[in-house]
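Visitor: I would like to learn how to read the packing of helices and chains in a model. Could you take me through it step by step?

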Amino acid sequence: MDRAFKARLETRFGATLTGPVRQRHDETEMRIGAGDVVPVLTALHDEPDLHFEFLADLAGVDTGEVMQVVYHLWSETTPDWLRVIADGLSREDPRVPSATFLWKGAEWMEREAYDMFGIIFEGNRDLRRIYMPPDYASFPLRKDFFLPDDAARSPGGGVRPMERTQAPSNVPTTALVRRGGA
Amino acid sequence: MSTTKQQPHQSTDDPRVTLDRDLGVFEPIPPYPTRTEREAEFYTLADGEMLINMGPQHPSTHGVLRVVLKLDGEKVVDLDPVLGYLHRGVEKLCENADYHQAICYTDPLEYVSALFNEWAPVMAFEKLLDVQVPRRAEYIRVLSGELNRIASHALFMGWMALDLGGLTPILWSFIERDEIVDMLAALTGQRMLFNYFRIGGVNGDLNHEFMSRLGDWMSRATEQIDNNMGLLNENEIFVRRMRGLGTIDTATALRMVMSGPNLRATGVPFDVRRAHPYSVYPELEFDIPTRSEGDCLARYLLRLDEVRQSIRIIDQCLHQMPDGPVMAKLPRLLRPRPGRAYAAVEGPRGQYATYAVSDGTDQPFRMRIHDPSFIHLQAVGVMMPGHLLADTMAIMASLDPIMGGVDK
């Protein structure tokens, strides 16, 4: 855990942070709004005392209430992994700026997040499905996903909880979405 | 080609499009309106260009990969990999399994180096649970992991030559690989998909058969690898074919977020084992080989240098291995406190990572798997333009993507 790094982040990004900077084990975590992704990532990448030139991972997360896009970055200037969480994307229309202007290689990771969560990355030149077929209509890793299209043909349809074709009718829809601590 | 008239039918690719032609007639790709800027650019042909389809069942795509190539004569202008033929939804499966079960789903991702696929999630779960892994277990992980790395690189060497049309090296490298795989089978009970690492340690201690096989192999490993290297490194046809092929420079490699040997072949000494140390790697002495050329030959030679370093690590592990338990004491049912953890390991192909989110139940709330094969396959699009069609396989093979990992 790099305590000095936490202080550096707080002074540099004080106004843009939407939550406290948290540290645990060898990770430092900061939360920003979707609108601040471009300036924050640019600053992290370009400024010589930060210099996060390696994008370790880009992932979408559905917390059941909001969508998030999670960036993991690595730099020589700190022994920690930096986790940047673009928080508070609406589940109906999640939109976030693309990171491809800094890392061209984020393109496929964003395509994957779009394919699995339906998150729109504005500025990605090639935002189409990557794993699922082009005519597929739903987003499999969302928490309200019930495998509606292929479960009907599956021998496990209706038996295995994962392959239920639809939500049980007597439960309110909101209760079925698993909500997490993210 | 069918000649019987068909009824108008809906396109399987886009439900908005109805096709009234014969089913057997070759359709121009794509049969639907283009959806993105890049797709529109790719599927617009200039004068003299044509599209050709490679795969999904092509012998040199290392799995089930389809690539649409845009050719000008025999020169590749651009390419568009089409993924998803091997997609199993591992991340979704892991969300519906408990923490112990999730590990075995990650095994078949990069199926030639399965121990690393287990290592990253296990490390992430241990961080969520604040588990201290016994030191002996860490040493066993490093030992078996480095063996697996050698097996994977040995296979790479054979494949590389096979994709260039040389049949002999793969037979040689399979000798090497089989010895290691048998060794690991004696240790873990499985040849490829081990399911050996557990949360808090490893499944079993080192046994007599494994140790005797390992000692036997270690006594001649270096010599054997030098032998194998001579077969290709001194082969003029091979070296001249590989040199200057698929060159990528440092800045582009970083922009494409490449890692592992493919990044180190461009001169960046980035290795997660040193850049962000985990397990007992800080206690071990080894070098990070780099090369500056960034072409296929550099990527190939770099992996052989890495094999030597792995042998060095294994040797040190055997000398420094402490006594003690191989599993931490943990309850059967794991319920980590809500939180998030990220863990990365240096696999044979690069940074292999897991981001796990816990919501306090016994199943991971979200488990993201970052696979280097996926990232490197994307970089083919940058390296390929300007090369000949026959070089597609060579460049792709030199990046060593495993489609099981690419398609998750």
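**Reading a helix pair**

Guide: In this predicted model, the crossing of helix 5 of chain B and helix 12 of chain B is left-handed.

Visitor: What describes two packed helices in general?

Guide: A packed pair is described by the distance between the two axes together with the angle between them. Here the axes of helix 5 (residues 135–163) of chain B and helix 12 (residues 296–320) of chain B come within 9 Å and cross at roughly 155 degrees. Angles over 145 count as roughly antiparallel, and helix 5 of chain B and helix 12 of chain B are therefore roughly antiparallel to each other.

Visitor: Which residues of helix 5 of chain B and helix 12 of chain B meet?

Guide: From helix 5 of chain B they include B:Leu143, B:Ile150 and B:Phe156, while those from helix 12 of chain B include B:Val307, B:Ile314 and B:Cys317. Sorted by class, this contact of helix 5 with helix 12 of chain B has 12 nonpolar, 3 polar and 4 charged residues.

Visitor: How many residues does each chain bring to the contact between chain B and chain A?

Guide: Chain B brings 45 residues and chain A brings 36 residues. On the side of chain B that touches chain A, strand 9 of chain B gives the most, with 5 residues, and by class that side has 17 nonpolar, 13 polar and 15 charged residues.

Visitor: Which residues touch the most other members of the largest nonpolar core?

Guide: They are A:Leu73 and B:Ala120, in a core of 155 residues, to which helix 5 of chain B gives the most, with 15 residues.

Terms used:
Residues numbered from 1 in each chain as written. Chains lettered and ligands numbered in written order. Predicted model: local features only at pLDDT ≥ 70, side-chain atom pairs only at ≥ 80, totals over all residues. Axes fitted to C-alpha atoms, helices over the stretch in contact; angles between N-to-C directions. Helix = DSSP H or I, 4+ residues; strand = E, 2+ residues; numbered from the N terminus. Parallel < 35°, antiparallel > 145°, perpendicular 65-115°, else oblique. Left-handed = near helix turned anticlockwise from the far one by under 90°. Contact = placed C-beta atoms within 7 Å. Nonpolar A, V, L, I, M, F, W, Y, C, P; charged D, E, K, R; others polar. Core = buried A, V, L, I, M, F, W, Y, C linked by C-beta atoms within 7 Å. Buried ≥ 20, exposed ≤ 12 C-beta atoms within 10 Å, placed from the backbone.
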